[in-house]
Amino acid sequence: MYPDYHLHTCFSGDCKTPLRDVIAAAKAKGMNEICITDHYDHDFPPGIAECSFDLDFDRYFSALQALKEELAPDFNLKIGIEQGLMRSTCEALSDFSSKYPCLDFIICSTHVVDGFDPYYPAYFEKWGEAGGYRRYFEEILYTVEHFSDYNVYGHLDYIVRYGPTKAENYRIHDYLDLFEAIFRRILDEGKGIEVNTGSLYRGMDFAHPHPDLLKLYKEMGGEIITFGSDSHDNVHVGYAFDEARELCRSLGFKYYCTFSKLQPEFHPL
């Protein structure tokens, strides 16, 4: 089983699953490596979510480091974080990794646009569906142009999960200009993207990003991919990774990546 590189535990404000339960679930599914990537959304706007997306770094990194040492060498626990970025926080977080040398991996994600979280209907009430999608992708482009302290960009078209008609009116070519620019910048910076299967157990019929976008990334020279379930429980760890692997192989990918001390390590698919 390929290692899961997008996992949440009780250190994330929106998750209650104990860290050891996630590790036990991974072991039960035949994994010998995972990366915990709990949420940190610096300056998340107050009042729009039912939980906090702050992270107690001292407790978090101490707990992970202790478990990492306890489980080695039979199980490789990697220390990661899902960094939620906004325009207002790109500069403030630009040297985050230098402050925490224990980090193995950073996911960069977009969760908030202009003070709105697309998880809530108010976002689409403001921009509409097509306009909301475009505004979200514009925000990702801004982020990759102004932030580079990460390894992979997370769930690139995650917003489609929450659109009024989901993917029914989602046309990739409508946003091709933005995605070409996003991928060009990601590639120029030596970064990668994740194949996020979390959408598959949330009612979607494709992982993020859409297969057409994954194909575009490959055609533009993309090689760095990780697999992540975006699990917030101990049930969906490694969800549909066989399906994700076959999709990547069909598009011409030869390798998937793991990370150690923020450096990619390539493994045959």
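**Close-up views of a predicted model**

**Figure 1. Glu138 and Arg135 form a salt bridge, with 3.8 Å between their closest N and O atoms.** The model shown here and in the views below is predicted. Both residues belong to helix H5 (residues 129–146), where they are three residues apart and are thus separated by about one helical turn. Their accessibility is given for each in turn: Arg135 is buried, at a relative accessible area of 12%, whereas Glu138 is partly exposed, at 30%. The value for Arg135 falls under the 20% limit for a buried residue.

**Figure 2. Arg245 and Glu246 are joined by a salt bridge of 2.8 Å, N to O.** Arg245 has a relative accessibility of 22% and counts as partly exposed. Glu246 is also partly exposed, with a relative accessible area of 38%. Glu223 is partly exposed, at a relative accessible area of 31%. A search of the whole structure gives 14 salt bridges.

**Figure 3. Seven strands form an open sheet in the order S1-S2-S3-S4-S5-S6-S7, with parallel pairing.** S1 and S7 are at the edges and have a single partner strand each, so one side of each lacks a neighbour in the sheet. Strand S5 (residues 152–153) and strand S6 (residues 192–196) run parallel and are joined by two bridges. Tyr153 has Ile193 in S6 as its bridge partner. In a regular strand, side chains alternate between the two faces of the sheet.

**Figure 4. Strand S3 (residues 76–84) is largely enclosed by the rest of the structure, because eight of its nine residues are buried.** Strand S2 (residues 33–41) runs parallel to S3, and nine bridges join the two. Cys35 has Lys78 in S3 as its bridge partner. S3 also runs parallel to strand S4 (residues 105–109), to which it is joined by five bridges. In this pairing, Ile81 is opposite Ile106 in S4.

**Figure 5. Aromatic pairs in the structure number 39.** One of them is formed by Tyr2 and Phe227, whose ring centres are 5.5 Å apart and whose planes meet at 10°, so the pair is stacked. Tyr2 lies in the segment before strand S1 (4–7) and Phe227 in strand S7 (residues 225–228), so the contact ties together parts that are 225 residues apart in sequence. Tyr2 is buried, with a relative accessible area of 14%. Phe227 is buried as well, at 1%. Phe147 and Tyr150 make another stacked aromatic pair, with 6.2 Å from centre to centre and 15° between the planes. Phe147 and Tyr150 are both buried.

**Figure 6. Arg87 and Lys191 each have a charge over a tyrosine ring.** The charged end of Arg87 is positioned over the ring of Tyr142, at 4.2 Å from the ring centre. Lys191 lies over the face of Tyr150, 5.4 Å from the centre of that ring.

**Figure 7. The protein chain contains eight helices and nine strands.** Its radius of gyration is 17 Å, close to the 18 Å that the globule rule gives for 269 residues, so the chain is as compact as a globular protein of that length. The C-alpha trace spans about 50 × 45 × 35 Å along its principal axes. Of the 269 residues in the chain, 55% are buried.

Note on methods. Residues are numbered from 1 along each chain as its sequence is written. This is a predicted model: local features need pLDDT of at least 70, side-chain atom pairs count only at pLDDT 80 or more; totals for chains, interfaces and linings use all residues. Side-chain values use heavy atoms; hydrogens and water are left out. Buried means under 20% relative accessible area, exposed over 50%, partly exposed in between (1.4 Å probe, protein chains only). Helices (H or I, at least four residues) and strands (E, at least two) are DSSP runs, numbered from the N terminus. Two strands pair if DSSP finds at least two bridges between them. Rings of Phe, Tyr and Trp (its six-membered ring) pair if their centres lie within 6.5 Å; planes under 30 degrees apart count as stacked, over 60 as edge-to-face and the rest as tilted. A charge sits over a ring if NZ of Lys or CZ of Arg is within 6 Å of the ring centre and within 35 degrees of the ring normal. A salt bridge is a side-chain nitrogen of Lys or Arg within 4 Å of a carboxyl oxygen of Asp or Glu. The radius of gyration is taken over C-alpha atoms; the globule rule is 2.2 Å times the number of residues to the power 0.38.
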